[in-house]
Amino acid sequence: MRGVRVAGALVRHELRLMLSLWLWVARRRHGVGGGTAFGYARGQAALMYGFAFVCAVETVAMSVLLDGWPAVHAVVLFLDVYTVVFVVALHAASVVRPHVVDGGVLRVRRAVHVDLRIPLGRIASVRRELRMTHEAAEGELDLAVGSQTTVTVELAEPVTHVTFLGRPREIRVVRFHADDADGLVRLVRALAAPAPLG
């Protein structure tokens with residue numbers, strides 16, 4: 001049963017990646033609607049493009065080396081090309097799935113792996129905080145980009161985060177990266193602040 005669940009999660013992951021690649025090519029975004037989007041992919045772009053380039057070079061090199069073995073060449077070529085597509089799709093998923101503030105909710109995302117909805121009413125504090133090191137801790141979720149996070153959100157009440165394999169976790173602190181961390185913090189503070197009594 002666990003094997004079926006893992007296989008299902010992997011298939012959904014691959015389909016979402018390929019959808020993200022299509023959205024990226026079409027210059028569209030996922031799940032933004034009328035909300036305000038905050039990207040986070042800029043900090044990883046150079047690394048991801050560099051990795052894709054290295055994979056492409058390896059694809060060419062392996063094609064030359066395996067030219068005399070057609071069957072092996074075909075299998076390795078397929079795997080190498082898919083690896084390049086996979087790397088580009090990972091970056092595309094980060095581009096087309098930004099963080100979103102909309103309808104009383106802060107939606108924190110990381111490619112197709114994380115999509116956490118935080119009601120603004122549950123936010124106790126939000127601040128711009130640059131962190132380069134992150135240690136795993138119970139009740140905390142760190143979504144680093146390029147090994148750094150720039151926004152820290154502390155919650156008055158926990159929210160449930162469902163992991164890649166479907167395990168629920170109660171989260172009280174979320175750290176993530178945003179290209180415009182200051183703008184995101186300002187907007188969340190403005191919307192999460194209680195209305196003045198009138």
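Guide: What follows goes through the salt bridges and then turns to the nonpolar cores. The model is a predicted one, in which local features need pLDDT of at least 70 and side-chain atom pairs count only at pLDDT 80 or more, while totals for chains, interfaces and linings use all residues. Residues are numbered from 1 along each chain as its sequence is written, and side-chain values use heavy atoms, with hydrogens and water left out.

Seven salt bridges are present in the structure, the term standing for a side-chain nitrogen of Lys or Arg within 4 Å of a carboxyl oxygen of Asp or Glu. One of them pairs Arg175 with Asp142, whose closest N and O atoms are 3.1 Å apart. Because Arg175 belongs to strand S8 and Asp142 to strand S6 (residues 140-143), this pair ties together parts that are 33 residues apart in sequence; helices (H or I, at least four residues) and strands (E, at least two) are DSSP runs, numbered from the N terminus. Arg175 is buried, with a relative accessible area of 9%, whereas Asp142 is partly exposed at 24%, where buried means under 20% relative accessible area, exposed over 50% and partly exposed in between (1.4 Å probe, protein chains only).

Another salt bridge joins Arg42 to Asp179, with 3.9 Å between the closest N and O atoms. Here the partners are 137 residues apart, Arg42 sitting in the loop between strand S1 (36-38) and helix H2 (45-65), and Asp179 in the loop between strand S8 (168-176) and helix H4 (181-192). Arg42 counts as exposed at 63% relative accessibility, while Asp179 is partly exposed at 26%.

Turning to the nonpolar side, the largest nonpolar core has 24 residues, and those with the most contacts inside it are Leu106, Ile118, Ile123, Val151, Val153 and Phe176; such a core is a set of buried Ala, Val, Leu, Ile, Met, Phe, Trp, Tyr and Cys residues joined through side-chain atoms within 4.5 Å. Among the elements that each supply at least two residues of this core are S6, S8 and H4. With its neighbours within four places in sequence left aside, Ile118 is in contact (heavy atoms within 4.5 Å) with partners including Leu106, Ile123, Leu155 and Val174. Apart from this core lies another, of 11 residues, among them Val87, Leu90, Ala93 and Val112.
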